[in-house]
Amino acid sequence: MLLTYSVVVIAAVMVLTCLALIVTLFYIIRVAKSVERLTETVRPHIAPISHDIALITQKSATIIESVQRQTLMVEESVDNVRAMSRNVRRFEENLLDKIAIPFVKLSHMSGAIIRGFEAVYNRLTHRDD
């Protein structure tokens, strides 16, 4: 009798397992059909999207190249401004050395000459008195 109970229990477990497998397979088939419908729905949209992505990638590459060229141009402009400021500074130093300092010396010398003439004039005018 114990053997018959164990056979009945084993048979019941096998029936329940088979029912569980049938339900699981039913859900798997439903999911597979849903995935198939989804792929059929999405398939026509994949080609245009991939084309758009390719265009966007190409435009992005073009923009990046343009930014790189403009960056190089800005760097060259900055270098040119630095060189120009160095040249202006050298020009200023040359101007001071060649023109401004001699003018200052000349103005000091002319002031000294004028004072000398004034001194001589004052001496000559005081002698007459």
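**Figure 1. Pro48 within helix H1.** In this predicted model, Pro48 has its place in helix H1. With a relative accessible area of 42%, Pro48 is partly exposed, since the buried class ends under 20% and the exposed class begins over 50%. Gly116 lies 68 residues from Pro48 along the chain, and the C-alpha atoms of these two residues are separated by 98 Å.

**Figure 2. Ser85 and its contact with the backbone of Arg82.** Ser85 is also placed in helix H1, which spans residues 2-128. The side chain of Ser85 reaches the backbone oxygen of Arg82 at a distance of 2.7 Å, a value that falls within the 3.5 Å limit used for a polar contact between N or O atoms. The relative accessible area of Ser85 is 41%, and this residue therefore counts as partly exposed. Looking along the chain from Ser85, Leu16 is 69 residues away, with 92 Å between the C-alpha atoms of the two.

**Figure 3. The aromatic pair of Phe26 and Tyr27.** A search of the whole structure finds 1 aromatic pair. That pair is formed by Phe26 and Tyr27, whose rings lie 5.9 Å apart from centre to centre, with an angle of 65° between their planes. The arrangement is classed as edge-to-face, because planes over 60 degrees apart are assigned to that class. Phe26 counts as partly exposed, since its relative accessibility is 48%, and Tyr27 is likewise partly exposed, with a relative accessible area of 47%.

Figure 4. How much of the chain counts as buried? Of the 129 residues, 0% fall into that class.

Terms used
Residues are numbered from 1 along each chain as its sequence is written. This is a predicted model: local features need pLDDT of at least 70, side-chain atom pairs count only at pLDDT 80 or more; totals for chains, interfaces and linings use all residues. Side-chain values use heavy atoms; hydrogens and water are left out. Buried means under 20% relative accessible area, exposed over 50%, partly exposed in between (1.4 Å probe, protein chains only). Rings of Phe, Tyr and Trp (its six-membered ring) pair if their centres lie within 6.5 Å; planes under 30 degrees apart count as stacked, over 60 as edge-to-face and the rest as tilted. Helices (H or I, at least four residues) and strands (E, at least two) are DSSP runs, numbered from the N terminus. A polar contact is a pair of N or O atoms within 3.5 Å; within protein, one must be able to donate a hydrogen and the other to accept it, and residues adjacent in sequence count only if both atoms are side-chain atoms.
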